[in-house]
Amino acid sequence: MQRLREGIHIRTMKAKRKVEEISKEDIQAFLKKNAFVLFTVAAVVVGIALGFTLRPYKMTYREVKYFSFPGELLMRMLQMLVLPLLVSSLITGMAALDSKASGKMGMRAVIYYMTTTFIAVFIGIIIVLIIHPGKGSKEEFGKQQTIEQVSPADAFLDLIRNMFPPNLVQACTQQFKTKYGKRVVHVTVTVNDTLFNSTNATQEVMEITREEAIPVPGQVNGVNALGLVVFSMCFGLIIGNMKEQGQLLRDFFDSLNEAIMRLVAIIMWYAPIGILFLIAGKIVEMDDLTQMGGQLGMYVITVIIGLMIHAILILPTLYFAITRQNPFIFIAGLLQALVTALGTSSSSATLPVTFKCLEENNKIDKRITRFVLPVGATINMDGTALYEALAAIFIAQVNNMEMNFGQIITISITATAASIGAAGIPQAGLVTMVIVLTSVGLPTDDITLIIAVDWFLDRLRTTTNVLGDSIGAGIVEFLSRHELRSKDVEMGNSVLEEKERKKPYKLISQDSDFENDKRAHSESNM
């Protein structure tokens, strides 16, 4: 007990001394270093306050759109940078590693993604079964809309098709999506009369016409991130294996990546203003919260609890267990990326900011961030997986349907797979929800029950997705430190060899010639 008191006293004295030593210059340096983060957090607070202040004025839809315009500009700026950043960072990241190192890193990243996604789905299912937010009658909800039906088989085939785009230019603006057309089928049926009348055996031919839905190739607007990720990874690996022949291309994509990051640094000064108006505009636009039913309110609380457990307990614990470092110091360095994710509700749009936070604040190796982050923003969706599993069971509870163990397992597998297919765009989770509901025979039209609150939950799950990607980068860097060091040594040796090879031609002085002759003569005498 005495030792404990002494320890506390010593720590208190040290802390007191540190506080006393803080000078005006230290405070200025802190404010300068963390200016972006402080401005961004202040923008969120002011945006929420401004939104609730303007709500009583009942602004029209047009006025809200005009008011949100600065926020829309931020979204457009960030989305403008996503495509060149995604391609250049992946190509340079893969080219900087050999196939063996990138294979090991890729394996670690995929294991991390799958583990955290399964944990997220498991948390979602457990929380929704414990809290049971869907108890009550379905009459609490308003009128339902119809949702376009999607076949789970077609959705998964589309996922694989999008991995191999036939046209790279088209992949920058469009994704493949199976649509459904109608076809009239004529069926000829022969009716045998002997069943009804044993004496007169007559046959009657009937023609029946019926309509059937057939899959038709289609396109939807949006960057085919999955296809570009697959192409960039393969392209980067090949450039890396080409050694000197591929150096020119490597330098080009390196310069492109650096130029994009400098553009990001400029846009970051505008980010707080954009986030302020994005959040304020959304609050002004949202429906009256007092009219929200008890079931929907409980559903929102359940999703928030699930995401909080995953983001504040599971991910930091995983980071600490593997790296033995303080996860909250790591998360503090990501604050600006997390606030941007909250404001934009798009993990792809937040990608430029995430790069900046990890490389500058948390000092993560660029070879790791360039490889892990673009892939993570495309396929690692912890928050979306948790939300989809939870929402599917909530819809089953609202319809008074009991889910057996087999159906819960089906939901967990399809929610994991569907979250991979959810592009990093706002509210993509709602589209993939159709797949999860169809897999267990739940009514897909019931998705409209949760649309009223989806804009808010979408922001929270995007923040969780970005946190998951970033912690993944930290873990993969720690596990790959030996490969990175050996690669640094190899690179150092190859640079030295290159310098030796490229030594300029020198005239040998007469003195050195004379010395060499003298040394040779003395050796022969010996």
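A salt bridge is a side-chain nitrogen of Lys or Arg within 4 Å of a carboxyl oxygen of Asp or Glu. By this rule, the count here comes to 11 salt bridges.

You are looking at a predicted model, where local features need pLDDT of at least 70 and side-chain atom pairs count only at pLDDT 80 or more, while totals for chains, interfaces and linings use all residues. Residues are numbered from 1 along each chain as its sequence is written, and side-chain values use heavy atoms, leaving out hydrogens and water.

**Stop one.** Select Arg 76 and Glu 72: their side chains meet in a salt bridge, 3.7 Å from N to O. Both sit in helix H5 (residues 69-95), four residues apart, or about one helical turn. Helices are DSSP runs (H or I, at least four residues), numbered from the N terminus. An α-helix has 3.6 residues a turn, so residues three or four places apart point the same way.

**Stop two.** Now select Arg 161 and Asp 158, whose closest N and O atoms are 2.7 Å apart in a salt bridge. Is Asp 158 buried or exposed? Asp 158 is buried, at 9% relative accessible area, whereas Arg 161 is partly exposed at 38%. (Buried means under 20% relative accessible area, exposed over 50%, partly exposed in between, with a 1.4 Å probe and protein chains only.)

**Stop three.** Next, pick Lys 366 and Glu 258, a salt bridge of 3.8 Å, N to O. This pair links distant parts of the chain, 108 residues apart: Lys 366 is in helix H16 (residues 366-379) and Glu 258 in helix H10 (residues 247-267).

**Last stop.** Select helix H17, residues 382-398. Because 17 of its 17 residues are buried, H17 is largely enclosed by the rest of the structure.

How values were computed:
Helix = DSSP H or I, 4+ residues; strand = E, 2+ residues; numbered from the N terminus. Expected span 1.5 Å × (residues − 1).
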